[in-house]
Amino acid sequence: MLEITLFYIAATIALVATVLAMTRANAIHALIYLIVSLLAVAVIFFLIGAPFAAALEIVIYAGAIMVLFVFVIMMLNLGEKGDQQERHWLQPKIWIGPALLVTLLFIELLYVIARVEGPVSVTSVSAKEVGLSLFGPYVLAVEIASMLLLAGLVGSFHLGRRYLDRDGIEKEGEQ
Amino acid sequence: MEGLNVPLNHILLVSSLLFAIGMLGLMIRRNIIFILMSLEVMLNSAALAFVAAGAHWGQPDGQVVFMLILTVAAAEVAVGLGLVLQVQKRFKTLDMDHANRMRG
Amino acid sequence: MLELIWLIPLIPLCSSLLLMLTAGRLPRLLIGYLGVGSVGIAALLTLAAGIHFMANPEPFELTLWTWMQVGNFAPGVAFYFDGLTLVMMSVITGVGFLIHLFSTEFMEKDTSYARYFAYLNMFVAAMLILVMADNLLLLYLGWEGVGVCSYLLVGFWYQNSANGQSARKAFIVTRIGDTAMALGLFLLFTELGTLDIQGMVAMANETWQVGDSIPLIACLLLLGGAVGKSAQLPLHTWLPDAMAGPTPVSALIHAATMVTAGVYLIARTHGLFLLAPTAMMVVAIIGIATSLMAAFTALMQSDIKRILAYSTISQIGYMFLALGVGAWTAGIFHLMTHAFFKALLFLGSGAIIHCLHHEHNIFKMGGLRRKMPVTFWSFMIGSAALAALPMTSGFFSKDQILLEAYQLPGMGPWLWLGGLLGALLTAIYSFRLVFVVFFGKANTEPDRDTGWRMAVPLTVLCALSLIGGYFIIPVEAVFPAASGEHPAHWVEYVSISVPLIGLLLAYLIFHSRQLRVDGLVGSRVGQLLRRFWFSGWGIDWLYDRLFVRPYYELSGMLKSEPVDVIYGLIVAINQTLNQWLSEAQTGRMRWYIASMVFGLVVLISLALQISPEVL
Amino acid sequence: MVMVNLILILLVGGVLALLSERLDENMPRKVALGVVVVDLLYFLNHLLAMPELNQLQAPLASDPSTWLMHFRADWIPAFGVSIELALDGISMLMVLLTLVLGAVAVSASWTDVTVRRGFFEANLLWTLAGVLGVFMALDLFLFFLFWEVMLIPMYFLIAIWGHENRGYAAMKFFIFTQASGLLMLVSILTLVAVNHSATGQWSFSYFALLNTPMAETTAHWLMVGFFIAFVVKLPVFPFHTWLPDAHTQAPTAGSVILAGILLKTGAYGLIRFAVPLFPDAAMDFSYVAMVLGAAGVVYGAVLAFAQTDFKRLIAYSSVSHMGFVLLGVYAWNELALQGAVMQMVAHGFSTAALFMIAGSLQERLHTRDMREMGGLWHYMPRMGAVAMFFVVASLGLPGLGNFVAEFLVLLGLFKVDPWMTAIAALGLITGAAYSLLLMQRSFQGEPNPKLADHGLIDFGGREMLTMAVMMVALIGLGIYPQPVLDLAQPVLQSLLEVTP
């Protein structure tokens with residue numbers, strides 16, 4: 001029973017944190033809320049019997065990826081002016097249209113979900129099983145994922161290097 | 001460790017709510033950083049749905065797909081943030097409405 | 001000998017091509033020799049062929065090659081030579097030669113001397129092909145060929161747009177007739193399977209009865225062609241304008257030869273017209289109506305060449321009348337005599353125009369009797385023949401036509417009366433011309449008299465106009481024999497006396513001024529009639545309003561290409577859609593995302609609607 | 001193989017012309033002329049060696065060996081696509097016309113192209129190659145390929161070297177031809193599919209597709225697909241509006257090829273494909289086609305009369321003349337068909353020459369507006385005389401090729417429908433009106449003193465030689481058309497047997 005209660009608490013935290021993350025004007029604040037949300041989701045993973053996924057969620061998502069964000073935000077050096085700009089953009093009238101659309105989509109999703117029955121399985125799926133199927137039937141997907149990561153690596157290197165070469169370093173040099 | 005009897009559709013409900021919030025954020029934010037964050041939320045919600053479904057059937061496939069999503073998210077963020085830097089350099093702003101050269 | 005008749009059109013043709021290819025680089029003298037000599041040789045050859053033919057008067061056919069063969073359609077480039085052909089060829093080469101000779105003096109100062117003779121020789125060649133053709137297609141070739149040459153020669157002085165206008169009018173108006181004639185050819189070939197004139201007429205007589213409707217339609221279509229070429233109502237309007245060309249051209253083409261091609265065509269296909277009495281009647285009525293209309297108009301003109309042009313229209317009307325009443329021989333006889341005296345008159349007027357610095361208005365002339373004696377006598381003889389004074393050539397032919405018209409059962413006497421009125425008017429206007437131009441006080445001074453190259457043709461033509469009436473044309477084998485009956489003697493006396501009365505009237509009005517017509521002319525009705533007749537009965541005006549202007553307006557309206565409007569509409573719809581869709585391409589990412597979400601919503605709704613069980 | 005070589009020589013020659021610009025900028029035109037002449041000589045050489053030419057037999061649809069030449073090689077056997085070329089009397093005439101006018105076109109653009117000459121001549125030669133392919137291909141897939149091949153270089157010719165409004169004209173030309181070509185492609189594919197379901201075999205071969213059994217409505221729709229593709233090219237009222245723009249804006253050589261040859265591919269397609277593949281449907285449709293033809297004759301003539309642009313007037317006269325071709329094809333008897341074939345050849349020469357004159361005038365006066373001309377005969381008598389010759393040829397003077405053509409068409413049509421003939425014959429009158437107006441406005445009338453400043457040069461030896469070739473051809477066709485008629489006769493005979 002405790003676990004069920006834990007699930008609902010985690011779910012609530014995830015949702016609230018996400019909403020807050022989406023509405024912050026300050027990028028770092030938003031990022032912190034997002035990390036909270038990710039941690040909450042990691043808790044849910046753990047609760048529904050996917051400990052490996054929970055671990056990855058914390059290590060890679062909340063850890064590595066979010067740190068990237070932090071670095072970039074730091075590099076951009078947005079400051080107070082950026083916050084005001086954000087607040088100015090977040091006027092209520094902008095919300096109406098998108099909110100309507102999203103509500104529609106959500107209702108449709110609800111309609112579809114409503115027909116799903118039954119609880120999640122009682123047995124947890126171990127890292128070993130995941131590993132076996134990754135390098136068994138899904139080996140091709142793993143290869144593709146590796147290619148994707150390589151492409152991402154090359155791409156980000158290419159984009160980032162120019163920024164540092166021409167703009168970042170020179171400017172810093174001048175200063 | 002024992003699993004628990006959370007109804008599957010509750011988890012899916014959470015997942016779709018997260019997705020909806022992410023999408024809402026995508027639509028209302030102009031700052032490219034927030035847009036990328038919203039994308040992360042959406043990807044994450046999809047991952048949640050996959051893992052939940054995998055748990056429902058007691059199969060590892062859900063988590064496998066989760067890992068694939070993870071790689072996609074990592075690559076996307078890497079390239080996306082690289083683009084953020086470029087946008088900042090070229091347009092001197094992060095407002096995506098200014099980067100409208102694709103206007104028809 | 002007759003095997004060589006193909007040389008007759010070929011020689012002028014070659015001369016013409018030679019003149020064209022050398023493009024005026026030959027010396028003037030050589031050009032003259034070529035131009036005149038080629039026609040002269042053709043005339044000599046015609047003479048030789050004529051002598052040969054007289055000795056053995058059998059029709060002769062000569063096929064050079066098959067022009068084209070498609071199925072059973074196989075017209076040849078083939079010539080047919082009989083009495084009628086001989087008469088026509090003699091007129092063309094003989095009168096043609098004289099006119100060519102005359103031209104060497106008339107055109108001697110012109111810069112385009114070679115071009116002139118090239119066109120004129122080409123015309124002679126085409127006209128010869130026309131009259132020698134064995135089948136209607138080759139005849140059509142000559143027919144169109146003379147049309148083009150006429151166009152080129154009327155517009156010879158091309159630097160004046162008005163000449164070009166007249167030339168185009170001449171070509172297009174005759175082309176209307178030609179097109180009718182072409183349709184007639186199609187009909188005849190479709191029905192009879194051949195265009196060979198002799199074979200076709202024979203076949204027609206086997207196939208059809210007198211009074212059938214198909215020969216009637218065919219004859220009317222051929223008549224369309226004849227009316228166009230011979231400047232008869234309703235397609236006569238081009239001829240007075242065609243006087244824009246050099247005067248010898250008017251003499252050759254628009255008086256002696258080309259305009260009589262219609263008469264020749266009907267005479268040549270008379271076997272067909274005999275099958276359609278209604279068509280014959282139409283020919284006669286067109287003839288008499290044209291004759292009177294033109295005579296009244298000629299009475300009012302002041303331009304010397306226009307008087308002669310209307311007179312030509314009027315005389316060809318007589319020939320049509322003759323054909324319509326079945327007086328074939330008389331019609332062709334009048335064609336020949338008319339060629340003599342009208343060529344004479346035109347050349348005479350050419351001499352006047354040449355010596356008076358291109359003056360055309362007769363009221364600015366006067367008293368030329370003493371200064372230009374050769375021309376004066378030419379005009380006297382020509383006018384006498386035109387007015388059909390007794391013993392001149394015109395008398396014999398016109399008298400014959402009137403007598404035969406009188407004998408036609410039914411309409412005959414009425415046609416005769418009309419003809420008489422025409423003869424009276426002819427005498428008045430021709431002697432009006434003589435009295436105004438040659439008598440009275442001199443208004444201008446000619447700077448010279450005619451040279452020998454002008455005088456010789458005039459003299460020869462004078463002689464022909466006088467004695468031409470005693471010629472016997474060898475066409476009795478071609479046409480069915482006339483009835484041979486003679487009407488009562490009084491008819492003949494009336495016919496003889498009418499031109500004399502006309503001459504007297506002209507003398508009284510225009511020379512001695514004893515008969516005063518000023519009051520008559522000055523009255524309101526008189527003025528109205530005068531203007532009406534002067535304008536050629538307003539037919540030009542009518543056609544301008546009925547056809548020319550609407551055509552200009554139609555083409556002006558269509559110029560902007562209305563069909564393109566439809567395609568323009570398609571383009572406009574596409575462009576509008578494109579604009580709408582590119583409006584959607586705002587370049588804003590949030591807009592794109594929103595539309596993606598919208599699309600997602602729609603897709604899911606559709607999926608739920610169509611197959612809910614899948615989800 | 002001769003036929004493949006004919007096309008290959010032009011294609012390779014195009015590449016050579018393109019490359020030769022690097023040696024010397026005057027080189028491409030020499031190369032192009034050489035290539036076309038070599039091609040022509042090569043073809044003539046093979047024709048003269050052919051013993052069958054004296055006694056032509058009717059080319060049977062069932063037996064390719066009865067054709068003058070036949071070549072077949074597999075290309076995509078899985079879909080029954082092959083490289084199948086064949087030559088009969090009509091295609092032979094068309095190939096000859098194409099090569100002769102090709103040489104004329106190169107000569108026409110001898111001096112007026114100043115930029116990217118190599119690419120210009122290359123496009124010219126590639127268009128010719130496409131046209132030859134169209135005239136010889138008997139595999140429908142290959143036919144369609146060549147149909148497109150001739151289109152694209154032509155597009156470049158107009159779009160790059162055209163006059164002031166070239167972009168619009170080129171695009172219009174391209175869209176019209178392309179859209180109609182698409183209809184044809186759909187028809188071809190459907191026809192092949194229908195044939196497959198009937199015989200169980202995939203084949204794009206003309207010989208296999210003839211006599212494909214199909215439902216009446218299917219045949220009608222497929223026929224309309226072919227018909228539209230061909231009449232747009234021909235062009236026929238109301239699909240003609242691309243033509244005045246394209247002709248007016250194209251460079252001289254482009255106009256010569258467009259009017260002289262490309263239009264004929266439409267007529268050829270009608271005779272070769274649209275009617276024989278669907279004989280019943282085509283015969284049901286013939287009345288509509290004839291009405292369009294007669295309408296085109298009159299409409300083209302009326303619009304030509306209204307034009308003030310020299311080239312545009314000639315372009316509309318082409319619409320009028322091509323109306324006769326459509327009438328001739330759909331009257332579908334020997335007389336009319338011979339007339340149509342004759343018109344294709346004669347019109348090729350007369351209009352090509354007129355466009356050359358227009359091009360020469362444009363080169364000298366830098367305008368095509370006839371209101372600014374007048375009295376040109378005074379300055380350029382040779383050009384005037386030549387223009388007069390071709391003007392009277394185009395108005396159908398007997399003794400010249402166009403007359404034989406129009407007369408035969410109308411004579412054949414009269415048997416089918418006298419009233420239609422009467423309407424079409426109006427074209428003879430209106431034709432005279434616009435032709436003579438052209439002459440009057442440009443060469444006759446008062447000499448415009450402003451024109452003398454342009455330093456007008458009369459036709460020189462090269463131009464006169466080119467013109468003389470076409471004049472001799474037209475006179476020959478007019479006085480002794482029998483060789484052409486004899487070449488076409490067996491083909492038409494076997495075509496006429498196709499229809500009920």
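1. **Ground rules.** Residues are numbered from 1 along each chain as its sequence is written, while chains are lettered from A and ligands numbered from 1 in the order in which they are written. In this predicted model, local features need pLDDT of at least 70 and side-chain atom pairs count only at pLDDT 80 or more, but totals for chains, interfaces and linings use all residues.

2. **Which chains touch.** Two residues are in contact if their C-beta atoms, placed from the backbone, lie within 7 Å. Chains A and D have no contact; their closest C-alpha atoms lie 33 Å apart. Chains B and D have none either, with closest C-alpha atoms 21 Å apart.

3. **Chain A against chain B.** Here 70 residues of chain A are in contact with 64 residues of chain B. Helices and strands are DSSP runs, numbered from the N terminus (helices: H or I, at least four residues; strands: E, at least two). On the chain A side, α1 (2–23) and α7 (139–174) are among the elements that supply at least two residues each. α7(A) gives the most to this side, with 13 residues. By class, the side has 55 nonpolar, 11 polar and four charged residues. Ala, Val, Leu, Ile, Met, Phe, Trp, Tyr, Cys and Pro count as nonpolar; Asp, Glu, Lys and Arg as charged; the others, Gly among them, as polar.

4. **Chain C against chain D.** In this pair, 39 residues of chain C are in contact with 41 residues of chain D. The elements of chain C that each supply at least two residues are β1 (60–66), α5 (136–154), α6 (161–192), α23 (539–558) and α24 (562–584). α6(C) gives the most, with 14 residues. The chain C side has 21 nonpolar, 12 polar and six charged residues.

5. **A helix pair in chain C.** Helices α8 (213–229) and α13 (277–300) of chain C have axes that come within 9 Å and cross at roughly 25°. Axes are lines fitted to C-alpha atoms, for helices over the stretch in contact, and angles run from 0 to 180 degrees between N-to-C directions. α8(C) and α13(C) are therefore roughly parallel (angles under 35 degrees; over 145 is roughly antiparallel, 65 to 115 roughly perpendicular, the rest oblique). Their contact residues include C:L216 and C:L220 of α8(C), and C:V282 and C:I286 of α13(C). The contact has nine nonpolar, one polar and no charged residues.

6. **A helix pair in chain D.** The axes of α6 (166–199) and α8 (216–233) of chain D come within 8 Å and cross at roughly 150°. That makes α6(D) roughly antiparallel to α8(D). Among the contact residues are D:F176 and D:L183 of α6(D), with D:L222 and D:F226 of α8(D). The classes are 11 nonpolar, seven polar and one charged.

7. A residue is buried if 20 or more other C-beta atoms lie within 10 Å of its own, exposed if 12 or fewer, and partly exposed in between, with C-beta atoms placed from the backbone. A nonpolar core is a set of buried Ala, Val, Leu, Ile, Met, Phe, Trp, Tyr and Cys residues joined through C-beta atoms within 7 Å. The largest has 419 residues; C:F123, C:A343, D:V256, D:L326 and D:V329 touch the most other members. A second, separate core of 83 residues includes A:L31 and B:V14. C:L120 lies in α4 (113–132) of chain C. Why is C:L120 buried? There are 31 other C-beta atoms within 10 Å of C:L120.
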